[in-house]
Amino acid sequence: MAPVRQSRRRFLGALIVAGGALLGVGRFLMPRIKGRQLLLTVPLGDLPHGGALVYRESRVAVIREGDDLYALSLVCTHLGCTVTVTPTELVCPCHGSVYDRQGELLTGPATRPLHRYRVERQGELLVVIA
Ligand code: FES
């Protein structure tokens, strides 16, 4: 019985060492965002000039206006419906609130602008952070 127990111990020890090594390597492969939640990574080449990429599942729009790159929450600040991105504005289908492409409120019943997420450029990626 003793050799089996020792073999199992060695196997578990090797597994722990391998897991630690993988975590160490993974740290360098993932975009660095100290202590914050990563929402999206967007290849900058996919983002059209004067356009937007809409991530409906994450309820985020990543927008490029000239040299300005930013990410807006698509959660309406009135009651939380998902706003729709049009070429000129963002419109809530539930009660009609309208926001400009910067997320500023144009028409209620909402009373606050859309939330703007923090973004960081990392090489050819735009990282959206909660
Ligand atoms: S939830 Fe958007 S206007 Fe009411």
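Predicted model: local features only at pLDDT ≥ 70, side-chain atom pairs only at ≥ 80, totals over all residues.
## Burial and overall make-up

A residue counts as buried if 20 or more other C-beta atoms lie within 10 Å of its own, as exposed if 12 or fewer do, and as partly exposed in between, with C-beta atoms placed from the backbone. Residues are numbered from 1 along each chain as its sequence is written.

The chain has one helix and 10 strands; these elements are DSSP runs numbered from the N terminus, with helices being H or I of at least four residues and strands being E of at least two. From the N terminus on, the order is α-β-β-β-β-β-β-β-β-β-β. Two residues are in contact if their C-beta atoms, placed from the backbone, lie within 7 Å. Among contacts with a separation of 6 or more, 38% are between residues 24 or more positions apart.

## The six-stranded sheet

Six strands form an open sheet in the order E1-E10-E9-E4-E3-E2, with antiparallel pairing; two strands pair if DSSP finds at least two bridges between them. At the edges are E1 and E2 (52-55), each pairing on one side only. Neighbouring strands of this sheet are turned by 25° against each other on average, direction ignored, where axes are lines fitted to C-alpha atoms, for helices over the stretch in contact, and angles run from 0 to 180 degrees between N-to-C directions.

## Strand E9 and its partners

Let's follow E9 (residues 116-122). Two bridges join E9 to the antiparallel strand E4 (residues 68-73), and here Leu72 stands opposite Arg116. Five bridges join E9 to E10 (residues 125-129), again antiparallel. Across this pair, Val119 has Val128 as its bridge partner, and Gln122 stands opposite Leu125. The hairpin of E9 and E10 has two residues between the strands, and Gly123 takes a positive phi near 65° there.

## The nonpolar core

A nonpolar core is a set of buried Ala, Val, Leu, Ile, Met, Phe, Trp, Tyr and Cys residues joined through C-beta atoms within 7 Å. The largest one has 19 residues, of which Val60, Ala61, Val62, Ala71, Leu72, Val83 and Val128 touch the most other members. Strands E1 (38-43), E3 (60-65), E4 and E10 each supply at least two residues of this core, and E3 gives the largest share, four residues.

Which residues are in contact with Val62, leaving aside its neighbours within four places in sequence? They are Val42, Leu47, Ala52, Leu53, Ala71, Leu126 and Val128.
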